[in-house]
Amino acid sequence: MGVVVKKVELSWLDRTYVWPVMKGMSITFGHFIRQLLTPTSKRFTIQYPEMKKDMPEGYRGLHELKRFEDGAIKCVACFMCQEACPARCISIEAEEFSDLNITQGFEEKRPAKFDIDMLRCIYCGMCEEACPKDAIWLRKDYEVAAYDRLSMQYGKWDLMNTYAEADGKERISQDPTPSVLRRTIAL
Amino acid sequence: MGWASPRVALPGNPPMDMLASLLHLTPATFWMVSKVVIVFFGVFLLASVWTWVERRGSAMIQDRIGPNRALLFGKWPLLGLSQLAADGIKFFFKEDLVPADANKGLFWLAPFLAFVPALIGFAVIPFGRSFESGGQMYHLSVLDPGNGMGLLYPMAIGGMAVYGVLVAAWSSNNKWSILGGMRASAAMVSYEIGMTLAVVSIFMTTGGYDPSEVIAAQGHLPWAWNIVHQPLGFIVFFTCMFAETNRLPFDFAEGESEIVAGFNTEYGSMKFSLLALAEYSHLMTASALVATLYFGGWQVPFIVNPPVLLSVGCFLAKMLFFAWVFVWIRWTLPRFRYDQLMHLGWKVMLPLSMANLVFHAWRLSQGH
Ligand code: SF4
Ligand code: SF4
């Protein structure tokens, strides 16, 4: 079916061309003045290194491995996220340990190694969906970049500390739970 | 002479005479040389500053921010003005590439052919009130009035400017360039006539074609300026100036969305920068012409015989305002189609300027 194109009838004033040009110029000048008087912080442009975009709710950025109040890792090394990951970028090695801290039970399992290859990750959030313990989250941080490939291999402690850094908490490099190691399981 | 003049260090005053004698020049020669330096260096400087105005202004018009990252000595962004220095340095140190099949000599010559006419067109335009000091008249224009060329000179030189574009286009041996150069020369031919006829009607009502006569005839009252008497002529002249300076909405020679970059497709480094500067110098000369012809030149509204510095300031204000209008229009209007430009040139601008000419001739014959 064809579309009937309606021809716009221009008034004689519009056909002089001078008047519409003046109207256009008043519009652009309005923009000019408005932009000139707006302080830099309120303009549309986000001037990146100084200003950062507030990411919307549900934005999927850098991962975080959650911790308990006492600092112990929440992850129980169930491999659910590793299975769910479509990019196959999570690799976990689990270990068994005897926890002397009563709050977390006695016999426990936790990741000995928890690596995510950020170069392969597509930030789909499937790991977050799959986790039964809510132990892995995707933060809003989007500045995941490095000068070499090796720095993009995030290990267990890196992932736990993405959380500490953004919230101003103390960085940790050791599980605070005193434990006796039993054996390591690799899938 | 106004109250401000005794304080101004002008020729005829001891400091200038001393400087002249130090350089073993007569005051007149010294005055001439300093005028040349001030005018050409000033236009050059304004042209380069105007690249900044264009970039920041267009950014503001489009709700952007524009260049603001270059830092002078790693510290001062100066509202983006440092970008000028950064660009200059960059252009100087870029590889100066000449295409293998280009006509080397002409390829080198073209930027100068574009730049020089754009700059020397300014020579006859008075940028301030003439004054008398120590029994001698001093004129604030490079060529003194009464040189016999008057405003015919910038018109002729303006027509020369297209050679720069054409030679640049032809010598680079590139199809886009040739198309651009061809468009520029066609636009020049079709707009020069309308523009000149508009100016002729000013010569007619003035009774002379010397810029100082044109300015004197307009007087200090804004409603006696030519813009009020010849609004039609102004519209024609101003429109043709856009075609003449090759700027949007008539920038067919460049037309980056159609023919890559038109005549300067093959140009890089300092040669490109010179072509760009030529465009801005041309823009400055064009706005000075508009100010002189239609807005009373250096005349200050409501002040008879203004102080010299005030008249210079007023001329600068008018000129820069029109230079800003050039930028403003560029970021308001889209480019015309090529046949629309030809249509506008031959079927609208030319008849309009003829009607304008005939109307003023008739008015003159009625004794107005
Ligand atoms: S976000 Fe997606 S791709 Fe990245 S680790 Fe999680 S499941 Fe894998
Ligand atoms: S992060 Fe969650 S899903 Fe992945 S191994 Fe740990 S507990 Fe299981």
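Me: What makes the residues of the shell around ligand 2 nonpolar, polar or charged?
Reply: In this predicted model, the shell around ligand 2 divides into 12 nonpolar, no polar and no charged residues. Ala, Val, Leu, Ile, Met, Phe, Trp, Tyr, Cys and Pro count as nonpolar, Asp, Glu, Lys and Arg as charged, and the others, Gly among them, as polar. The residues around ligand 2 include Cys75(A), Val76(A), Phe114(A) and Pro132(A); a residue belongs there if one of its heavy atoms lies within 4 Å of the ligand.

Me: How is the shell around ligand 1 divided by class?
Reply: The shell around ligand 1 has 11 nonpolar, 2 polar and no charged residues. Among the closest of its 13 residues are Cys85(A) and Gly125(A).

Me: Why is Ser151(A) called partly exposed?
Reply: Its relative accessible area is 37%. Buried means under 20%, exposed over 50%, and partly exposed in between (1.4 Å probe, protein chains only), so the value of Ser151(A) falls in the middle class.

Me: How do you know that the buried residues of H3(B) line one face of the helix?
Reply: Ser82(B), Gln83(B), Asp87(B) and Phe91(B) are buried in H3(B). Seen down the helix axis, they fall within an arc of 165 degrees, so they line one face; the arc is that of the directions from the axis to the C-beta atoms. The face turned away from this buried side carries the exposed Ile89(B), Phe92(B) and Phe93(B).

Me: On what conventions does this rest?
Reply: Residues are numbered from 1 along each chain as its sequence is written, while chains are lettered from A and ligands numbered from 1 in the order in which they are written. Local features need pLDDT of at least 70, side-chain atom pairs count only at pLDDT 80 or more, and totals for chains, interfaces and linings use all residues, with side-chain values using heavy atoms and leaving out hydrogens and water.

Key:
Helix = DSSP H or I, 4+ residues; strand = E, 2+ residues; numbered from the N terminus.
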